[in-house]
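I opened this entry to keep track of what I looked up in the model, working from the whole chain down to single residues.

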Amino acid sequence: MAEQRDHALLLRSIAYSDSSLILHCLTQQHGRISLMARGARRAKSPFRAALMPLFALQLRWKEPRTGSMGTLLEAQRFSALLPESMMLAGQTLLATASTLFPDGVSNGYAELQHACSLLSERSEDAGLCAATWVMLEQSGWTGDLNHCWHCVEPIDPNISMYWRQGHLLCSSCAKESGYKLYSGFRKTIASFMLQPNVSLKQEHITLWKMMIKDVFKTHQMRDSVGSI
Ligand SMILES: [Zn+2]
């Protein structure tokens with residue numbers, strides 16, 4: 001069977017039998033894959049030190065004869081995606097990425113890397129909002145902040161919009177019902193996603209978190225950002 005090699009990020013690993021692990025990874029070229037890491041839980045396994053979440057990894061694996069799970073042959077660990085103090089917040093991002101980029105999708109690797117770099121340059125609370133929002137946008141769960149997500153009309157950044165049931169709406173689509181988002185809010189979070197030094201008010205962060213929860217609720221998925 002063919003061997004493959006790729007850059008990868010570990011989403012999660014699940015114990016299998018007495019000594020092995022099943023890995024879920026986002027890879028640069030091969031999308032999301034599952035791999036069996038035989039013996040990875042043994043103390044002397046070379047996989048043990050390498051297989052860390054939130055680190056840049058390079059993996060080599062054998063493709064399966066049948067089914068979809070390959071066999072890990074080699075794992076190398078490179079730099080951390082986040083500073084040590086943010087590894088816990090990073091776990092929240094991994095859970096979100098796992099939901100947004102399920103089995104069979106070809107993207108996710110660059111998106112998760114981008115999200116980690118946004119988080120690493122910002123304060124944890126607001127940074128987690130920015131990182132999560134970027135992944136929501138890139139996976140198509142949300143639209144951009146300059147258009148109504150219903151009629152797709154471009155909306156001037158100085159005009160108020162409405163937030164309703166996980167959607168950003170113009171005033172004519174919202175018919176004045178929903179949570180009113182004043183223009184300052186959209187402008188502030190848009191520039192915060194581009195520049196880490198933009199200061200966000202606590203009320204903006206609280207509102208942003210509510211919107212993120214709403215998007216997950218609307219998609220009726222497990223709310224993996226519940227802890228932020
Ligand atoms: Zn509209």
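**Overall layout.** I began by noting that this is a predicted model. I counted seven helices and eight strands in the protein, and the C-alpha atoms fill a box of roughly 60 × 35 × 25 Å along the principal axes. Of the 228 residues, 32% count as buried. I also looked up the contacts with a separation of 6 or more, and found that residues 24 or more positions apart account for 50% of them.

**Domains.** The domain assignment gives domain 1 as residues 3-80 and domain 2 as residues 85-218. I then took the centres of domain 1 and domain 2 over C-alpha atoms, and 31 Å separate them. At the contact between the two, eleven residues of domain 1 meet 15 residues of domain 2. On the domain 1 side, β1, β2 (20-27) and β3 (31-37) each supply at least two of the residues that touch domain 2.

**The three-stranded sheet.** I next looked up an open, antiparallel sheet of three strands, whose order is β7-β6-β8. Because β7 (167-169) and β8 (179-181) stand at the edges with a single partner strand each, one side of each is left without a neighbour in the sheet. From one strand to the next the twist averages 35 degrees. Three bridges join β6 to β8, and among the pairs I noted that Tyr162 has Lys180 in β8 as its bridge partner.

**Helix α6.** Which residues of α6 are buried? I found Phe185, Arg186, Ile189 and Phe192, and they cover an arc of only 135 degrees around the axis, which puts them on the same side of α6. The face turned away from that buried side carries the exposed residues Ser191 and Leu194. The buried residues of α6 pack against α4, β6, β8 and α7.

**Helix α7.** I repeated the length check on α7 (residues 202-218), whose 17 residues should span 24 Å at 1.5 Å a residue, and the end C-alpha atoms are 24 Å apart, in agreement. The buried residues of α7 are Trp208, Met211, Ile212 and Phe216, and because they cover an arc of only 135 degrees around the axis, they lie on the same side of α7. I found Gln202, Glu203, Thr206, Met210 and Lys217 exposed on the face turned away from the buried side of α7. What do the buried residues of α7 pack against? They pack against α4 (124-138), β6 (161-164) and α6 (183-194). Following α7 comes Gln220, with a positive phi near 50 degrees.

Leu54 has a positive phi near 65 degrees and is found in the loop between α1 (46-50) and β4. Is Leu54 buried, exposed or partly exposed? I counted 18 other C-beta atoms within 10 Å, so Leu54 is partly exposed, since a residue needs 20 or more to be buried and 12 or fewer to be exposed. Glu176 likewise has a positive phi, near 65 degrees, and is found in the loop between α5 (171-174) and β8. Glu176 has 8 C-beta neighbours inside 10 Å and therefore counts as exposed.

How values were computed: Residues numbered from 1 in each chain as written. Predicted model: local features only at pLDDT ≥ 70, side-chain atom pairs only at ≥ 80, totals over all residues. Helix = DSSP H or I, 4+ residues; strand = E, 2+ residues; numbered from the N terminus. Expected span 1.5 Å × (residues − 1). Arc of directions from axis to C-beta. Contact = placed C-beta atoms within 7 Å. Pairing = 2+ DSSP bridges. Axes fitted to C-alpha atoms, helices over the stretch in contact; angles between N-to-C directions. Domains from an automatic or database assignment.
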